[in-house]
Amino acid sequence: MPLPSSLVIRQPVIMATVAPRPETDYTAPVNPIHDQNGNEVLFNGPSGQNAPPTEQREGGYKQNLNQRLLCPDCNEDPPNLVEEFSSGDMVCGSCGLVLGDRIIDTRSEWRTFANDDQGNDDPSRVGDAMNPLLNGSQLETNIAFGEGMRARELHRAQNRAISDKGTKALLAAYREITNLCEAINVPKTIQDAAKHIFKMTEDKKLFKGKPQEAVVAGCIFIACRQAHAPRTFREIYSLTKIPKKEIGRTFKALEKMLQTSRDENVAGSLLMVDKYEATATTGAAELCARYCNNLQFKNAHLMEKISKALAQKSSSLKDLAGRSPLSIAAAAIYMTSHLMGDPRTSREIATVAGVSDGTIRTAYRYMYPCREELVEKGWLAPKGTGRMDRLPQN
């Protein structure tokens, strides 16, 4: 005889919500339920199957581990749930309701970026990225220098076993390039370009027998030129103590090597060798920006712009023909600072430019008679803030 539906006790299905719900204690003993005739009512679970007989449940109820997660809106059985590990959510695939958040991703933790991996399976996830400035696979194991006699002996034995003179020489040269570039405030991109040029010279054995200091100086010089932040031979000489003639010979050899590499279409270069362009002598206008920044003007951008224009115009003067770009750039900055009302003495500019104050004043004497031709009307009042009467006569 079927039981009335009002007497059938169904186990409530726990719906999924964002906030956690308190768990029900199923271990507490529950008195059996009887119908009107005195018969015990059977317990129907969510799957519609009857519970075990009473003699098998005399020990009390236990936690039901057969519970399933259902969408409260769709109420589909079986549920259509999708785990979105990128956002950490569990979403119903039918209606889009978010049933849970902060889902733990139980998949593999590695990803592959190898272009030649056809199977899309690269479980290698140990170690640093490959360094193009070094040779070899770079996957060897290094033993640290620890405490105790045994640890030191193991460290020395491992160094003797895997010692690579070529790699040690490259690392020593890279450290020297980094130290020299940081001394003159060269950015890291130029440092990497200088290291790459040095690596190319080592691979081609271009300067075999030449001192490493001269090759490093030439690499820094040509890397700065290619990045449009040139340094003069005098600055490189004061930095490395390598004679200017030796730096010039190294620069010519490096320039020829880079032009050859560009013609051969060498790819994979940090310096973009395929776009290498042979540069001429450093002009005075290219030096004005760095000098103006070091002099700390109130409006450094305006001073840089006007001094560059003055340096370009002054280079065409007959009296200044053949003079060093350093002296022309320093004289242009000297004239600009007085013209715009933020003057600097010749001695202050000489300290930054690396020339004597007498050289600056001599170059300025040739520029002063041509001031009407050199100074543009847009720099003067009322359009600008410059005044011709501020210019000193010497």
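Which residues does Thr-240 touch, not counting residues up to four places away in sequence? Select Thr-240 and you'll find Leu-180, Ala-217 and Ile-247, where contact means heavy atoms within 4.5 Å.

Before going on: this is a predicted model, with local features needing pLDDT of at least 70, side-chain atom pairs counting only at pLDDT 80 or more, and totals for chains, interfaces and linings using all residues. Residues are numbered from 1 along each chain as its sequence is written, and side-chain values use heavy atoms, leaving out hydrogens and water.

Stay on Thr-240, which sits in helix 5 (residues 233-240); helices here are DSSP runs of H or I, at least four residues, numbered from the N terminus. Thr-240 counts as buried because its relative accessibility is 16% (buried means under 20% relative accessible area, with a 1.4 Å probe and protein chains only). Now show Ile-236: its backbone oxygen lies 2.8 Å from a polar atom of the Thr-240 side chain.

Next, select helix 7 (residues 284-295) and helix 9 (residues 325-339). Their axes come within 9 Å and cross at roughly 55°, the axes being lines fitted to C-alpha atoms over the stretch in contact, with angles from 0 to 180 degrees between N-to-C directions. In this contact, Ala-284, Leu-287, Cys-288, Tyr-291, Cys-292 and Leu-295 in helix 7 meet Pro-325, Leu-326, Ile-328, Ala-329 and Ile-333 in helix 9.

Notes
Helix = DSSP H or I, 4+ residues; strand = E, 2+ residues; numbered from the N terminus. Buried < 20%, exposed > 50% of the residue type's maximum accessible area, 1.4 Å probe, protein only. Polar contact = N/O pair within 3.5 Å; in protein donor to acceptor, adjacent residues only side chain to side chain.
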